Amino acid sequence: MAVVTIREALNQALREEMQRDENVFLMGEEVAEYQGAYKVTKGLLQELGAKRVIDTPITELGFAGLGVGAAMVGLRPIVEFMTFNFSILATDQIINSAAKMLYMSGGQFNIPIVFRGPGGSAYQVSSQHSQALESWFAYFPGLKVVMPSTPADAKGLLKASIRDDDPVIFIEQERMYGIKGEVSDDPDFVIPLGVADIKREGTDATIVARSLMVPVALKAADVLQKEGVSCEVIDPRTIRPLDIETIIKSVKKTNRVVIAEESHPFCGVAAEIGSEINERAFDYLDAPVKRVSGADVPMPYAKNLEDLAVPTVDQIVAAVREVAYLE
Amino acid sequence: MSAEETSATGVMDQESPETDAATNAAPAQTTGELKAAQKSRLAELDRETLIDIYHQMLLARRFEEKAAEAYSGGKIGGFCHLYIGQEAVAIGAISAIRRDDYVLTSYREHAHAIAKGMSPESVMAELFGKATGCSKGKGGSMHMFDKEFGFLGGHAIVGGQIPLATGVAFASKYKGTDQVTLCFFGEAAVNQGAFHESLNMAQLWKVPCIYICENNQYGMGTSLERAMSSHDISQKSCAYDIAAEFVDGMDVLAVREATLRAVERARKDYLPTLLEVRTYRFMGHSMSDPGNYRTRAEIERHQERDPIKLFSASLKEEGVLSDSEFQEIEAQVKEQVEKAVKFAEESPLPDPKELYTDVYASPINTQRD
C-alpha cells in the first residue's frame, strides 16, 4: 500500500495492464510525447514504446472508430479522450459501432475497448469544456459506464475495465486527479465492475453520490453527524450496470434518500436511480426521493456563477434535512 | 509497386474520366473500349478463376432478384438495398484477396457477403430474420457478419465502416500479419468526416487498408453533382498523399486487377490505397425508392454496360464458355438460390430468449437478491 493521487493510480493501472497483455495499446491526443494533457499517461511511451502508446491527430471520430475496428479482431485498445467533451464527436462510433456490434453480429464480435478521460466540471473553462455526459452513455445497452471517486477505485476499476470484454466508458473527474489515498500495489488488484461501495455507513439517511459528489457528500455527512443525523454514503462506482440492490438495501434501512450529482437533472442518472427506488422501495420511504443536481444551464465561466452551478456541501446538507423533516 | 514510385501527389495510374461523374455522365470508356480491355485481361487468367468470377456475379444477381421478390411478398422486412448493376465491384475486388483477409462494407452488402464465401443460405436466412441467419436474425439486411469468413459487416451509418476498417487493418500491422482489409463504401460516404479522418490516419500510420469507393453516382436520390463540390473522387487522395486509381466498375477484371495492385502494396509495405470504382445501381436506393430522380433512359444507357452481360459476352467470344456451359452455370445458380430461399423459409424464428442475449460478452448480474 502506498499513498498516491488518482492521477498516479490511473497511471499504474495503465502500465500494469499494458505490461500484462501486449494486445492492450493506448491511443489519444498527446498521450505519448507530451506525456498526457493531464499527465495520466506520464512515462508510458518511454517504458512501452511508440507501438503501444500512440499520439493521434485531433480526429476523435476517426480514432474512436479505429479503436473499435482493432477491437473487432482481437486487440484491446484504450482510447483516451483529452476530455470527454471531445467524445461527443466520436459518439457515432461509440454508440453505433462499439455498443451494438456484439448484438447485431449475433454474438460474433465483442468489443473489448476502454474509452477514458476526464469529464464533469473543471475550473472556469466554460460550457464546452465542463460537462457531465454519463447519462448519455449509460442510456445505451452494450456499454458499461464507470466513474471512480478515490485512487484505489480508480486503479482497481480501470484494471477491471481493461480486462473486461465489453466497451467501457471510464470517466475520470477532471477536478479530482490530485486527490490522494492508499492504493494496493498488487498487480492483480482489481475491483469488479457493477459493485457499489458504501463509502460511509449510517442509519438515518442515504446519500447516493458518484464521482466528484462523493467527497462532497462525505463532508455533508460529517456536518450532519454533528447535528446527530447519521448518513450512509453510497458510491455506485459503475453507472451501468448499476448496483441498485446495494442502494435499495440502504434505503430500506434509512428510509430516506438524497441523490447527488454534478450533471444536469433532466433525464439524468439520479432521475433513473430515483425511479428505481420508487419502483422497488416505495413503501419504505418516509419522504420523497430528493435529487441535488448541477444547475440546468450550460456551465458559465465567471467563478461566482460556476460555483453556483456545481452542487455544494450546503446543498446536500439542506437536502438531507429536508427528507429528514428537520427544516 | 510501392508508394515511393508514385507521383509527388501520391496519385498513381490516374485516368481522369472524360466528363463529370454525375447523372448524365458519359462512361469512363466506351463499351467497345471496355470489351477490348476486358478481353486482354481475360487472356491472362486461368479458366477456373474466370468461371468462378462469372458464377459469383450471376449468383449475386439472381440472389438479389429473388430477395426483391421475397421482399415484395412480405417475407423480408425493413430496408433492402439491392446491389444489382454493381456486382463487378464486390466480386472483382474480393476475388483478389485471400480467405483470411477482411471485408467491411455498407448496408448494400449481400453480394460482398456471398463473394467473401458466406453461404447464400445464411445470408437469405438473415434477410428473412431467422435464427439460422449469419447474424442470428439480429442484424438483417444491413448487418451481415461472419467471423469465419472475415466478413466484418454490414454497417448502416454512411461512412461508419471506414474508421472501423482502418482499425482492422491497423490491427493486422500491429500483430505483424500480412492480412489486408477491403473497405467498401458509396461515393456519398466521401462527404463524411469519417472518410477524411480515416484516410489521413491510414497514410500517416501506413495501414494495409484498401478503400474502395463504389461510385454509383447517387447518394439515395441525390446525384453526385448535387452533393460534391469536386467530382473526381480518386483525386481526393492527393489531400492525404495516398495511392489511388480510377477504375471502370463495369469491368470485373479491371476491378480485380486494380485491387491486386493495391493488395500487393498493402501486404508488402502496409500501404493503403484509394480506388474509385465507377459503377451504377440499376435498382432504387432501397426497395421503397420510387426512383423519380433519374430517367428511364439514363438507367437503360447504363444497363447497356451491364457488368454481367459484358463479362459473359467476353467469355463467350473468347471461347472460355460454351452456350451449354452458360446454361449449366445458370441452372446451378438457380438451384443455389432456390435452396437458400427454402432454407430461409423453413428455418425457425429466433427464440424469444434471444432478445436479451449478445448485449454483453461479459454480462454483470447486479440482481443479487
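A residue counts as buried if 20 or more other C-beta atoms lie within 10 Å of its own, exposed if 12 or fewer, and partly exposed in between. Keep that cut-off handy for the exercises below, and remember that this is a predicted model.

**Exercise 1. Positive phi in chain A**

Take A:Gln124 and A:Cys267: what is the phi of each, where does each lie, and is each buried, partly exposed or exposed?

Solution. 
- Step 1: start with the backbone. A:Gln124 isn't a glycine, yet its phi is positive, at about 50 degrees. A:Cys267, also a residue other than glycine, has a positive phi near 60 degrees.
- Step 2: Most residues other than glycine have a negative phi.
- Step 3: A:Gln124 sits in the loop between strand S5 (114-119) and helix H6 (134-138) of chain A. For A:Cys267, look in the loop between strand S13 (257-260) and helix H10 (269-281) of chain A.
- Step 4: apply the cut-off. A:Gln124 has 14 C-beta neighbours inside 10 Å, so it counts as partly exposed. A:Cys267 has 11 other C-beta atoms within 10 Å, so it is exposed.

**Exercise 2. Cis peptide bonds**

Which residues does a cis peptide bond join in chain A, and which in chain B?

Solution. 
- Step 1: in chain A, go to A:Arg240 and A:Pro241, where omega is about -5 degrees and the bond is cis. A:Pro241 belongs to the loop between strand S12 (238-240) and helix H9 (244-254) of chain A.
- Step 2: in chain B, a cis bond links B:Gly153 to B:Gly154, with omega about 25 degrees. B:Gly154 is part of strand S2 (residues 151-154) of chain B.
- Step 3: for context, most peptide bonds are trans.

**Exercise 3. The overall build of chain A**

Solution. 
- Step 1: list the parts. Chain A has twelve helices and 14 strands.
- Step 2: Along the principal axes, the C-alpha trace of chain A covers about 60 × 45 × 40 Å.
- Step 3: look inside. Of the 327 residues of chain A, 59% are buried. Among contacts in chain A with a separation of 6 or more, 78% come from residues 24 or more positions apart.

**Exercise 4. Two domains in chain A**

Solution. 
- Step 1: the assignment gives domain 1 (2-183) and domain 2 (197-323). Their centres, taken over C-alpha atoms, are 26 Å apart.
- Step 2: the contact takes 23 residues from domain 1 of chain A and 24 residues from domain 2 of chain A.
- Step 3: on the domain 1 side, the elements giving two or more residues are H6, strand S6 (144-146) and helix H7 (151-163) of chain A.
- Step 4: that side divides into nine nonpolar, ten polar and four charged residues.

**Exercise 5. Chain B against chain A**

Which element gives the largest share of the side of chain B that touches chain A?

Solution. 
- Step 1: count both sides. The contact takes 37 residues from chain B and 40 residues from chain A.
- Step 2: S2, helix H6 (161-175) and helix H7 (193-205) of chain B each give two or more residues.
- Step 3: H6(B) has the largest share, with nine residues.
- Step 4: The side of chain B that touches chain A splits into 16 nonpolar, 14 polar and seven charged residues.

Methods
Residues numbered from 1 in each chain as written. Chains lettered and ligands numbered in written order. Predicted model: local features only at pLDDT ≥ 70, side-chain atom pairs only at ≥ 80, totals over all residues. Helix = DSSP H or I, 4+ residues; strand = E, 2+ residues; numbered from the N terminus. Contact = placed C-beta atoms within 7 Å. Domains from an automatic or database assignment. Nonpolar A, V, L, I, M, F, W, Y, C, P; charged D, E, K, R; others polar.
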